[in-house]
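Q: I am new to this structure. Please take one part and look at it closely.

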Amino acid sequence: MTIDERLERLTERHEALTQSVEMHEKRFEEIGENIRGLAAIAEQNEVRAGEMQTAMTRMMDSITRLARIAGSHEEPIGSLES
């Protein structure tokens with residue numbers, strides 16, 4: 001193999017490697033964008049989970065108050081029925 005043939009092969013390999021690196025760089029950029037999108041969604045989900053927790057706490061408080069009200073009305077209703 002002559003020096004010119006070796007140089008030609010090295011040039012072809014270099015071009016192939018350059019294309020491969022460029023392709024990988026583009027893919028890494030896409031992956032980075034996907035990760036940023038997922039991070040934003042995760043953050044939104046954390047906010048929603050906090051809101052749901054607050055709503056559940058309020059509901060439980062309301063149920064407890066209703067149970068107390070119902071309990072306080074049981075006695076007077078029972079005495080009216082007698």
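Which residue forms a salt bridge with Arg27, and how far apart are the closest N and O atoms?

A: Glu30 is the partner of Arg27, and their closest N and O atoms are 3.1 Å apart. A salt bridge here is a side-chain nitrogen of Lys or Arg within 4 Å of a carboxyl oxygen of Asp or Glu. Side chains of opposite charge can pair when their charged atoms come close.

First, the ground rules. This is a predicted model, where local features need pLDDT of at least 70, side-chain atom pairs count only at pLDDT 80 or more, and totals for chains, interfaces and linings use all residues. Residues are numbered from 1 along each chain as its sequence is written, and side-chain values use heavy atoms, with hydrogens and water left out.

Now the setting of the pair. Glu30 and Arg27 are separated by about one helical turn because they sit 3 residues apart in helix α1. Helices (H or I, at least four residues) and strands (E, at least two) are DSSP runs, numbered from the N terminus. Glu30 has a relative accessible area of 32%, so Glu30 is partly exposed. Arg27 is at 44%, so Arg27 is partly exposed too. Buried means under 20% relative accessible area, exposed over 50%, and partly exposed in between (1.4 Å probe, protein chains only). A search of the whole structure finds 1 salt bridge.

Next, the helix around the pair. Helix α1 covers residues 3–81. The protein has 1 helix and 0 strands. Its C-alpha atoms fill a box of roughly 115 × 15 × 10 Å along the principal axes. Of its 82 residues, 1% are buried.

The protein has 10 positive and 17 negative side chains. Lys and Arg count as positive and Asp and Glu as negative; His and the chain ends are not counted. The centres of the two sets lie 2 Å apart, with each charge placed at NZ of Lys, CZ of Arg, CG of Asp or CD of Glu.

A negative surface patch is formed by Asp4, Glu5, Glu8, Glu12 and Glu15. Patches take residues with over 30% relative accessible area and no salt bridge, joining like charges within 9 Å and nonpolar side chains (Val, Leu, Ile, Met, Phe, Trp, Tyr) within 5 Å. Accessible areas come from the Shrake-Rupley method with a 1.4 Å probe; for residues, only the protein chains shown count as cover. Glu12 lies in helix α1. At 44% relative accessibility, Glu12 is partly exposed.
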